[in-house]
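I am opening a notebook on a structure that is new to me. The entries below record what I looked up, in the order I looked.

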Amino acid sequence: MGLCSSKIEPNVSKSKKHRSTDEVHTNLDNLSDAVVDINNTEDASVRATLKDVVDKNKATPIYANNENNSSTDNNDIKKSSSLISKVDSGIGKRSKPSSYENNIETPIPAENSSQMKKYIISNPNVKLSTSKLIKDDMINQNVNKSSLSMSNTMDMSGVYSPLADLQDTPQKEDTYKVLLLGVGESGKSTVLKQFKILRQGGYTQDELEKLRSVIYKNLLDIVTDICKARNKYKIPVGEADIKDLKGTIKDVDDFMNTLRLSIDNRNEFITRNVPLEELEIEDIVGLPSKFFAYLAILWKTPATQALLRSKHRKNFHLLGNASYFIDSLERISKPDYVPTVDDVLKARIQTSGIQETTVEMQEDNIKLKIYDVGGQRVERKKWIQCFSNVSILIFCVSLSDYDSPLEEDPKINALAESIQLFDSIVNSKWFVNTQVMLFLNKIDIFIKKIKQSPLNTYFPEYSGDPKDAKASVKYILSLLKARNRANLTIYPHVTQATDSSNIELVFATLAETVLENKIKNLGAI
Ligand SMILES: Nc1nc2c(ncn2[C@@H]2O[C@H](COP(=O)(O)OP(=O)(O)OP(=O)(O)O)[C@@H](O)[C@H]2O)c(=O)[nH]1
Ligand SMILES: [Mg+2]
């Protein structure tokens, strides 16, 4: 088994200049490019806090490379960039990139890349018009073949690279590679959905109808999460839960059988006879009508509510938007239910494999090739396949993870995992010439949570007001910035990926960043 370093090169784009260490910097502590759409954010308290964050920290636009930015020739460029508010996260010389490549083996090239290509298929779930899915079993098969070790605590081992020849195809002019990274559930695929909504004409009625099973699957996941948590804390569902509902519910068995779909007429709804947890989206044809009412009861029952408010909450997994779906149960239960775009954005579909999507930013005359990957530990060993020649890295961090366990390993704090992963990525040799957009995501959930669940309970070094959202976000950003030993230019954005108007603003800055790079590469800056 030979190692190959020639097929996949570190990200050294010949056309790109190294950034100057004399870049213009704004004060990082200002959190100055918290780009959010204040007016269109759903929740009033979220709006107020976001407005405060943005108003008090208005950014001075900066340029990634200021060598010539006082030149009158560049006035137009400056004007066109004036919308961008950026924060550079490091000043000074680039230190030696470290952790990632020290912990991985060099990827091995595909033995037969043309054979590999035939596995690239359309993603059946997301239906992005120009998307491809690099199929998981193909990757796994080759990962196993390469028998590379799992390297470090982050499970980011080097992997076999079935896409090697695809990656090495030189990028067409004006096509830029955008890579979405972050831990599981940080919001990567939601950002991708926003590309479809904002730049690809959105979802057709047909596509929305096909996504009905995804919403049903999310409801089943909520049942699973609640039942698992109740069992774990020794409050299994029992008579007490239904005692006031004797007229409506036959007995606990009927209740649980319906919720867990172990009902007599299961075949009407489910195409495969496997436990609930193993169901795939495509197995779910429908749900029995009383399921929706029973789920509402399970959620409202005092024991469940007490558990959701208890100190144990941080120790079990629950879909982030569970309450949104519970609040929408009546609508979702209708036989002619068609998911709304909001439902689709709020739904969770765990990504496995690599999703490639081409998006044309027509107004800016650029094409983006966007790669979305699965963020769970087991998925990360596949990432390296898309590391070469990345123009823009969008790293998603879920702010609301600060008090949550990692789904894959409940002993680990999910935000701590995110920070560690960010460290591995920004200090990797693959991204020395990449612009990094850091999405501090799920601000809406974070703002609601922080009032009840103070930050210093989980991050004891934090000495600010533990219930103050703005100060807490700044602190989390400072933890991330401190990991940028490679001094990459990093543009943080406080985001709510489920909110299209918020993400529209961020996309505008993304296009500006790409264009700025393009102009730089032409030698204009
Ligand atoms: N309320 C809220 N929910 C969000 C936000 N961003 C993402 N979500 C939800 O979080 C869940 C996970 O989002 P995904 O985009 O699937 O996360 P991911 O990073 O792609 O996860 P993996 O595919 O496992 O790596 C989904 O239910 C999203 O709707 C946000 O800003 N606010
Ligand atoms: Mg995903």
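**Entry 1: helix H12**

Contact here means that the C-beta atoms of two residues, placed from the backbone, lie within 7 Å.

**Entry 2: ground rules and totals**

I note that this is a predicted model, in which local features need pLDDT of at least 70 and side-chain atom pairs count only at pLDDT 80 or more, while totals for chains, interfaces and linings use all residues. Residues are numbered from 1 along each chain as its sequence is written, and chains are lettered from A and ligands numbered from 1 in the order in which they are written.

I counted 21 helices and 8 strands in the protein chain. Of its 525 residues, 42% are buried. For contacts between residues at least 6 apart in sequence, I have 79% joining residues at least 24 apart.

**Entry 3: domains**

I looked up the domain assignment, whose bounds come from an automatic or database source. It gives domain 1 as 32-106 + 171-202 + 351-521 and domain 2 as 212-338. How many residues of domain 1 are in contact with domain 2? I find 9 residues of domain 1 in contact with 4 residues of domain 2. The side of domain 1 that touches domain 2 has 3 nonpolar, 2 polar and 4 charged residues. For these classes, Ala, Val, Leu, Ile, Met, Phe, Trp, Tyr, Cys and Pro count as nonpolar, Asp, Glu, Lys and Arg as charged, and the others, Gly among them, as polar.

**Entry 4: H9 against H13**

At what angle do H9 and H13 pack? I have about 85 degrees between H9 (residues 212-232) and H13 (residues 302-309), with the axes 11 Å apart. That makes H9 roughly perpendicular to H13. The axes are lines fitted to C-alpha atoms, for helices over the stretch in contact, and angles run from 0 to 180 degrees between N-to-C directions. Angles under 35 degrees count as roughly parallel, over 145 as roughly antiparallel, 65 to 115 as roughly perpendicular and the rest as oblique.

On the H9 side I list Ile226, Ala229 and Arg230, which meet Ala303, Thr304 and Leu307 in H13. By class, this contact has 4 nonpolar, 1 polar and 1 charged residues.

I also checked Lys228, which is in H9. Lys228 counts as partly exposed because it has 14 C-beta neighbours inside 10 Å. From Lys228 to Lys381 I have 153 residues in sequence and 29 Å in space, C-alpha to C-alpha.

I looked up S4, residues 354-361, where 6 of the 8 residues are buried, so the strand is largely enclosed by the rest of the structure. S4 runs antiparallel to S5 (residues 366-373), and 8 bridges join them. Strands pair if DSSP finds at least two bridges between them. Ile354 stands opposite Val373 in S5. The two strands form a hairpin with 4 residues between them, and Asn365 in the turn has a positive phi of about 60 degrees.

**Entry 5: strand S8**

Is S8 mostly covered or open? I find it mostly covered, as 5 of its 5 residues, 490-494, are buried. Ile490, Pro492 and Val494 point one way from S8, and Tyr491 and His493 the other way. In a regular strand the side chains alternate between the two faces of the sheet. S8 pairs with S7 (residues 435-441) in the parallel sense over 5 bridges. I note Ile490 as the bridge partner of Val436.

**Entry 6: two loop residues**

Asn487 lies in the loop between H20 (469-481) and S8. Its phi is near 55 degrees, a positive value in a residue other than glycine. Asn487 is buried, with 20 other C-beta atoms within 10 Å.

Leu261 lies in the loop between H11 and H12. I have its phi near 55 degrees as well, a positive value in a residue other than glycine. Leu261 counts as partly exposed, with 19 C-beta neighbours inside 10 Å.

How values were computed
Buried ≥ 20, exposed ≤ 12 C-beta atoms within 10 Å, placed from the backbone.
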